[in-house]
Amino acid sequence: MRRVRANLTRRALLETAAQLFDERGYAGTSISDISALSGRTSGAIYFHYASKEKLALAVVEEHFASWPRMIEHHRSSARPALEKLVALSFTVARAFRDDVVVRAGSRLWMERKAIAAPLPTPFVEWIEVVTELLIEARANGELAAGVEPVPAAHSVVCAFFGLHTVSDALDGREHIEQHLRDLWRLLLNALQAHPDPAALLDRVHTATEPDSPPTQPPLDEAVLTRAEA
């Protein structure tokens, strides 16, 4: 039970730190700020995270840890490969918009030069996943002739994360899903063997919105109740 309480405390501190890192950035957030917002002493924070750098690293690592769950959720589905790719992109977009740990991890990585800790390298896994889905699409006859999966995957990832950067700067990602639809209308005209972006987008949104995976695995409510008792 002590371990459960410790894990809950660590998670609460991580989410509080993520909120502040997202709002203020790394340099603008102090352990005292995290203490004030979380209601826990600086000593308690240092007990779980030895430094602000370690806490920032934990947020970034949790950011990266959220992606495999989303990827597996969509890759294991029976839908065509291009639909998997588009559906995955919307799940990721919602995570960037709605999940404070994901947003904070992204901001911290952008501010990595100020953090005295090695951070994971982004984008490489995304390029690999998109490449694999495009190879699957080509094998199934979904991909347009002349589209090479490796360079196409690099371009898709660049376009997707570039869209996030612009959307964050202009409207805090408030309209990210509409912007992403517009991007896919453009990209699918080049990627699909028989272009029909509107129909594919309709199929994706009809099928995926109710069952999109959470960015964090659910906690057992009974365990939480016992730990807090």
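Predicted model: local features only at pLDDT ≥ 70, side-chain atom pairs only at ≥ 80, totals over all residues.
**Whole chain**

Start with a cartoon of everything. The protein has eleven helices and zero strands, and its pattern along the sequence is α-α-α-α-α-α-α-α-α-α-α. Along the principal axes, the C-alpha atoms fill a box of roughly 60 × 40 × 30 Å.

Of the 229 residues, 45% are buried. Among contacts with a separation of 6 or more, 70% join residues 24 or more positions apart.

Colour by charge to find 25 positive and 30 negative side chains. The centres of these two sets lie 6 Å apart.

**The largest nonpolar core**

Select W67 and W184. In the largest nonpolar core, which has 41 residues, these two touch the most other members. Then show the elements that give two or more residues to this core: α4 (52-75), α5 (81-98), α7 (124-139), α8 (149-171), α9 (176-191) and α10 (197-208). Helix α5 supplies the largest share, eleven residues.

Stay on W184 and display its surroundings. Not counting residues up to four places away in sequence, W184 touches L85, V86, S89, F90, V156, L191, P197 and L201.

Another core lies apart from the largest one. To see part of this core of 25 residues, select L13, I31, I45 and V60, which are among its members.

**Aromatic pairs**

How many aromatic pairs does the structure hold? There are eight. Select W67, F96, W109, F123, W126, F160 and F161, which ring pairs link into a cluster.

Within that selection, look at W67 and F96. Their rings form a tilted pair, at 5.5 Å centre to centre and with 35 degrees between the planes. W67 is in helix α4 and F96 in helix α5, so the pair ties together parts that are 29 residues apart in sequence. W67 is buried, with a relative accessible area of 4%, and F96 also counts as buried, at 3% relative accessibility.

F96 in helix α5 and F161 in helix α8 are 65 residues apart, and their pair links distant parts of the chain. Both residues are buried.

**Two single residues**

Go to H48, in helix α3 (residues 42-48). Is H48 buried or exposed? The relative accessible area of H48 is 16%, so this residue is buried, the limit being under 20%. Leaving aside neighbours within four places in sequence, H48 is in contact with A6, T9, R10 and L13.

Finish at M110, in helix α6 (residues 100-110). M110 is exposed, because its relative accessible area is 58% and the limit for that label is over 50%. M110 and G25 are 85 residues apart along the chain, and their C-alpha atoms are separated by 9.7 Å.

Definitions and conventions. Residues numbered from 1 in each chain as written. Heavy atoms only, no water. Helix = DSSP H or I, 4+ residues; strand = E, 2+ residues; numbered from the N terminus. Buried < 20%, exposed > 50% of the residue type's maximum accessible area, 1.4 Å probe, protein only. Contact = heavy atoms within 4.5 Å. Lys, Arg positive; Asp, Glu negative; His and termini not counted. Charge placed at Lys NZ, Arg CZ, Asp CG, Glu CD. Core = buried A, V, L, I, M, F, W, Y, C linked by side-chain atoms within 4.5 Å. Phe/Tyr/Trp six-rings, centres within 6.5 Å; stacked < 30°, edge-to-face > 60°.
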